[in-house]
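Please consult the sequence and the structure while reading.

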Amino acid sequence: MIIVHHLNNSRSQRVLWLLEELGRDYEIKRYERDPKTMLAPTSLRQVHPLGKSPVISDGDRVIAESGAIVEYLIDRYGAGRLKPAPGTDERLLYTYWLHYAEGSAMSPLLMKLVFTRLAHAPMPALVRPIVRRVANRAVQGFIDPQIALHLDYMEGELGKTTWFAGKEFSGADIQMSFPLEAAASRGGLDAGRPKLWDFLARIHARPAYRQALDKGGEYALLR
Ligand SMILES: N[C@@H](CCC(=O)N[C@@H](CS)C(=O)NCC(=O)O)C(=O)O
């Protein structure tokens, strides 16, 4: 039985969605973020030393890192679905976006989250204006332009194909959902990028996506 170690409001929502698309049975083991630090509970480190989500177990195997999980589940249980045929241009796109989501797109979004929190963190009054100034300069001078660069790029690429890896929906779209939902919720995805909004509307309309939401519980990224 596949067990998904599921942290609330996290990337593991993607894994639930994928399992629903694949029609696999699975069990959810739930973990709650610390409301102040937003970190996962240390009990998750008993499953994998980093204690991050998602992590799954499948028999004796423990697999972490969402891209690796998506690849593993599709290779093992997809029966040829949700990934383009080997050797095709679409397959190369699939591999590219599977890596790009966490390797490139998420970096500036995470930086934005950290620097924005830093600017509003409790701190001695004396240093507050300096810290806020530095944080705001980092966001305005570097992070926001980087996010815009990535969003423009993704908008352009989705203008060429229906889904990220071509005409067919694939695991690459599931992997790409998280940076786009994060950008929609807090990272500058504005109305000037209609292809990306249309992508989000199309994935949110998928029955498997809705079923995963019902099972996973609160997913504040959608707000
Ligand atoms: N690149 C990793 C990122 C894993 C990650 O940072 N997960 C977040 C949840 S979205 C987490 O576990 N945060 C809580 C913590 O760091 O304690 C992946 O895609 O699996």
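## Backbone angles

Leu82 is located in the loop between H2 and H3, where helices (H or I, at least four residues) and strands (E, at least two) are DSSP runs numbered from the N terminus. The phi angle of Leu82 is near 65 degrees, a positive value in a residue other than glycine. The model is a predicted one, in which local features need pLDDT of at least 70, side-chain atom pairs count only at pLDDT 80 or more, and totals for chains, interfaces and linings use all residues. Residues are numbered from 1 along each chain as its sequence is written, and side-chain values use heavy atoms, with hydrogens and water left out.

Glu65 also has a positive phi, of about 75 degrees, although it is not a glycine. Glu65 belongs to the loop between strand E4 (61-64) and helix H2 (66-77). In the loop between strand E2 (26-31) and strand E3 (55-58) lies Pro54; the peptide bond from Ser53 to Pro54 is cis, with omega near 10 degrees. Most residues other than glycine have a negative phi, and most peptide bonds are trans.

## Surroundings of the ligand

An N or O atom in the side chain of Lys52 is 2.5 Å from an oxygen atom of the ligand. For Ser66, a polar side-chain atom lies 2.4 Å from an oxygen atom of the ligand, and for Glu102, such an atom lies 3.1 Å from a nitrogen atom of the ligand. The protein covers 84% of the 510 Å² of accessible area that the ligand has on its own (Shrake-Rupley method, 1.4 Å probe).

## The largest pocket

The ligand takes up the space of the largest pocket, as more than half of its atoms lie within 2 Å of the grid points. A pocket is an open set of points on a 1 Å grid over the protein atoms alone, where a 1.4 Å probe fits, with protein on both sides within 12 Å along at least five of seven lines; lining residues have an atom within 4 Å of a point.

The lining has 33 residues, and Arg11, Arg33, Met38, Lys52 and Leu110 lie nearest the centre of the pocket. H3 gives the largest share, seven residues.

Technical notes: Polar contact = N/O pair within 3.5 Å; in protein donor to acceptor, adjacent residues only side chain to side chain.
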